[in-house]
Amino acid sequence: MLEEVQDETMMSQVREMLDEAFQDPYFNQAFSDEYVPGQGLQENVRSGIVVSLDKGRNIRGCFIYEHFIRTNKVTNVQLFNFTRKPGIVFARDMVDFFGYMFNVLKAHKVGWLVNVGTDREVFEDKIAKEYGGRIVGIYKDDAVSADGVLHDVKAYEVMRSDFIKHEIEKEERKEKHVRN
């Protein structure tokens with residue numbers, strides 16, 4: 001289940017969890033001031049956080065994004081699975097997050113980054129391929145992790161048209177399966 005963070009109590013809880021994550025090499029991804037909600041905002045940019053909740057409304061993880069209003073693209077997407085368990089539930093929430101960006105925000109393009117050489121890179125390659133996305137390129141020594149190590153960063157993008165095409169094909173496969 002996904003829900004946009006709107007009340008200060010939940011925002012405070014997410015900030016505390018992110019503060020811990022920023023110090024933890026486990027998350028091992030790019031952090032800089034422009035990714036922190038409330039900092040570095042420009043007039044045409046809306047930063048947001050969507051949380052992944054379990055049935056008890058406990059925060060399982062979150063998705064941070066920047067929505068550029070003028071160009072209608074979502075970039076700087078960061079995901080945090082606080083449970084540290086690569087489970088199907090969080091993976092489903094990630095797919096739902098794509099739906100949120102394309103169907104609710106009406107973004108025409110979504111872009112995100114991952115550090116090269118991490119376990120997450122393999123997962124992100126699969127996500128991009130699944131939704132007709134592409135690898136935009138690799139930025140050399142572009143991110144510094146909490147442990148001070150420089151990392152190459154791989155950039156991805158998925159277009160709205162490719163996401164919608166994937167969703168239609170998925171529904172057609174379901175209908176065909178039900179008929180057979």
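Here are some notes on the fold, its strands and helices, and its nonpolar cores.

1. A word on the source. This is a predicted model, in which local features need pLDDT of at least 70 and side-chain atom pairs count only at pLDDT 80 or more, while totals for chains, interfaces and linings use all residues. Residues are numbered from 1 along each chain as its sequence is written, and side-chain values use heavy atoms, with hydrogens and water left out.

2. The overall layout. The chain holds four helices and seven strands, taken as DSSP runs numbered from the N terminus (helices H or I, at least four residues; strands E, at least two). Along the sequence they follow the pattern β-α-β-β-β-α-β-α-β-β-α. Of the 180 residues, 40% are buried; buried means under 20% relative accessible area, exposed over 50%, and partly exposed in between, with a 1.4 Å probe and protein chains only. Among contacts (heavy atoms within 4.5 Å) with a separation of 6 or more, 60% link residues 24 or more positions apart.

3. Strand β4 and its partners. Eight of the nine residues of β4 (residues 73-81) are buried, so this strand is largely enclosed by the rest of the structure. On one side, β4 pairs with β3 (residues 59-68) in the antiparallel sense over seven bridges; two strands pair if DSSP finds at least two bridges between them. Within that pairing, Glu66 has Thr75 as its bridge partner. The two strands form a hairpin with four residues between them, and Asn72 in the turn has a positive phi of about 50°. β4 also pairs with β5 (residues 109-115), here in the parallel sense over three bridges, and Val77 stands opposite Trp112.

4. Helix α2. This helix has 17 residues (88-104) and should span 24 Å at 1.5 Å a residue; its end C-alpha atoms are 23 Å apart, which agrees. The expected span is 1.5 Å times one less than the number of residues. Its buried residues include Phe90, Met94, Phe97 and Phe98. After the helix comes Lys106, with a positive phi near 60°.

5. Which residues does Asp93 contact, leaving aside its neighbours within four places in sequence? They are Met1, Leu2, Ser52, Arg60 and Phe63. Asp93 lies in α2 and counts as buried, at 2% relative accessibility. Its side chain and that of Ser52 are joined by a polar contact of 2.3 Å; the term covers a pair of N or O atoms within 3.5 Å, where within protein one must be able to donate a hydrogen and the other to accept it, and residues adjacent in sequence count only if both atoms are side-chain atoms. The C-alpha atoms of Asp93 and Ser52 are separated by 6.5 Å, although the residues are 41 apart along the chain.

6. The nonpolar cores. A nonpolar core is a set of buried Ala, Val, Leu, Ile, Met, Phe, Trp, Tyr and Cys residues joined through side-chain atoms within 4.5 Å. In the largest one, of 24 residues, Phe98, Met101 and Trp112 touch the most other members. At least two residues each come from β3, β4, α2, β5, α3 (119-130) and β7 (150-159), and α2 gives the largest share, seven residues. Apart from this core lies another of 14 residues, among them Leu18, Ala21, Ile49 and Leu53. In soluble globular proteins, nonpolar side chains tend to be buried together.
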